[in-house]
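User: Could you walk me through this model, starting at the beginning of the chain?
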Amino acid sequence: MTNWAARLFARAIDRNLRDIGVTSGMLPVFFALGEGAWLSQKALTKSAGIEQPTMAATLLRMERDGLIERRADPEDRRSRLIGLTPAAMEKAVRVRQAVGAVNGLALETLTDAERAHYLALLEKIVSSLQDSLSDEG
């Protein structure tokens, strides 16, 4: 059921993002950088909890589409920081709204108590999975 729900969420979110020119695979970058932050690729990868090759491919697509830019890290000139372009910053508001609409739709049939309980349980599940995966590295 979790896998099915995840696939349905992704499809619904992708549908809502299509007109914005963004895909659900780009969401971790938008969420990490949407408030104007500039992060290294390593920090973005860690923040998103995805593999480095996946992040590299996502960033290449986003750079091709004019959504991110790279600049020298003032603390370490050998390193590059990644930030959203002004055009992507404008899209970030619409991205949050599109995701929020899907989350709202998914939770609308739950009572306030059920919603709170569901989110608390989901937080425990995510924490448990993160802990088990961090034991690997």
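**Working through the model**

Analyst: Keeping in mind that this is a predicted model, methionine 1 lies in the segment before α1.

User: Is methionine 1 buried or exposed?

Analyst: Methionine 1 has a relative accessibility of 78%, and because exposed means over 50%, methionine 1 counts as exposed. From methionine 1 to alanine 37, which is 36 residues away in sequence, the C-alpha to C-alpha distance is 35 Å.

User: OK, stepping back, how many helices and strands does the protein chain have?

Analyst: The protein chain has six helices and two strands, and read from the N terminus these elements follow the order α-α-α-α-β-β-α-α. The C-alpha trace spans about 50 × 40 × 20 Å along its principal axes.

User: And what percentage of the residues is buried?

Analyst: Of the 137 residues in the protein chain, 25% are buried. As for contacts, taking those between residues at least 6 apart in sequence, 53% join residues at least 24 apart.

User: Which residues have the most contacts inside the largest nonpolar core?

Analyst: That core has 24 residues, and Leu17, Val29, Phe30, Met62 and Leu84 are the ones with the most contacts inside it. At least two residues of this core come from each of α1, α2 (27–33), α4 (52–64), β2 (76–84) and α5, with α5 supplying the largest share, six residues. In soluble globular proteins, nonpolar side chains tend to be buried together.

User: What does phenylalanine 30 touch?

Analyst: Leaving aside residues up to four places away in sequence, phenylalanine 30 touches Val22, Met62, Leu67, Leu84, Ala88, Lys91, Ala92 and Val95. Two of these partners, Met62 and Leu84, are themselves listed with Phe30 among the core residues with the most contacts.

User: Now the helix packing. At what angle do α1 and α5 cross?

Analyst: The axes of α1 (residues 2–17) and α5 (residues 86–107) cross at roughly 140 degrees and come within 9 Å. Angles over 145 degrees would count as roughly antiparallel, and α1 and α5 are therefore oblique to each other. The crossing in which α1 passes α5 is right-handed.

User: Which residues make that contact between α1 and α5?

Analyst: On the α1 side they are Phe9, Ala12, Ile13, Asn16 and Leu17, while α5 contributes Val95, Ala98, Val99, Ala101, Val102, Asn103 and Ala106. Sorted by class, the contact of α1 with α5 consists of 10 nonpolar and two polar residues, with no charged ones. Leu17 of this contact is also one of the core residues with the most contacts, and Val95 of α5 is also touched by phenylalanine 30.

User: How are α3 and α4 arranged, and what is the angle between their axes?

Analyst: The axes of α3 and α4 come within 10 Å and cross at roughly 115 degrees, and α3 and α4 are therefore roughly perpendicular to each other. The α3 and α4 crossing is right-handed. In this contact, Gln41, Leu44, Thr45 and Ala48 of α3 meet Gln52, Met55, Ala56 and Leu59 of α4, and by class the residues comprise five nonpolar, three polar and no charged.

User: While we're on α3, where does serine 47 lie?

Analyst: Serine 47 is in helix α3, which covers residues 41–48, and serine 47 counts as exposed because its relative accessibility is 51%.

User: Last one: where is glutamate 114, and how far is its C-alpha atom from that of arginine 61?

Analyst: Glutamate 114 sits in helix α6, residues 112–134, and because its relative accessibility is 40%, glutamate 114 counts as partly exposed. The C-alpha atoms of glutamate 114 and arginine 61 are separated by 39 Å, and the two residues are 53 residues apart along the chain.

Note on methods. Residues are numbered from 1 along each chain as its sequence is written. This is a predicted model: local features need pLDDT of at least 70, side-chain atom pairs count only at pLDDT 80 or more; totals for chains, interfaces and linings use all residues. Side-chain values use heavy atoms; hydrogens and water are left out. Axes are lines fitted to C-alpha atoms, for helices over the stretch in contact, and angles run from 0 to 180 degrees between N-to-C directions. Helices (H or I, at least four residues) and strands (E, at least two) are DSSP runs, numbered from the N terminus. Angles under 35 degrees count as roughly parallel, over 145 as roughly antiparallel, 65 to 115 as roughly perpendicular and the rest as oblique. A crossing is left-handed if the near helix is turned anticlockwise from the far one by less than a right angle, and right-handed if clockwise. Contact means heavy atoms within 4.5 Å. Ala, Val, Leu, Ile, Met, Phe, Trp, Tyr, Cys and Pro count as nonpolar, Asp, Glu, Lys and Arg as charged, and the others, Gly among them, as polar. A nonpolar core is a set of buried Ala, Val, Leu, Ile, Met, Phe, Trp, Tyr and Cys residues joined through side-chain atoms within 4.5 Å. Buried means under 20% relative accessible area, exposed over 50%, partly exposed in between (1.4 Å probe, protein chains only).
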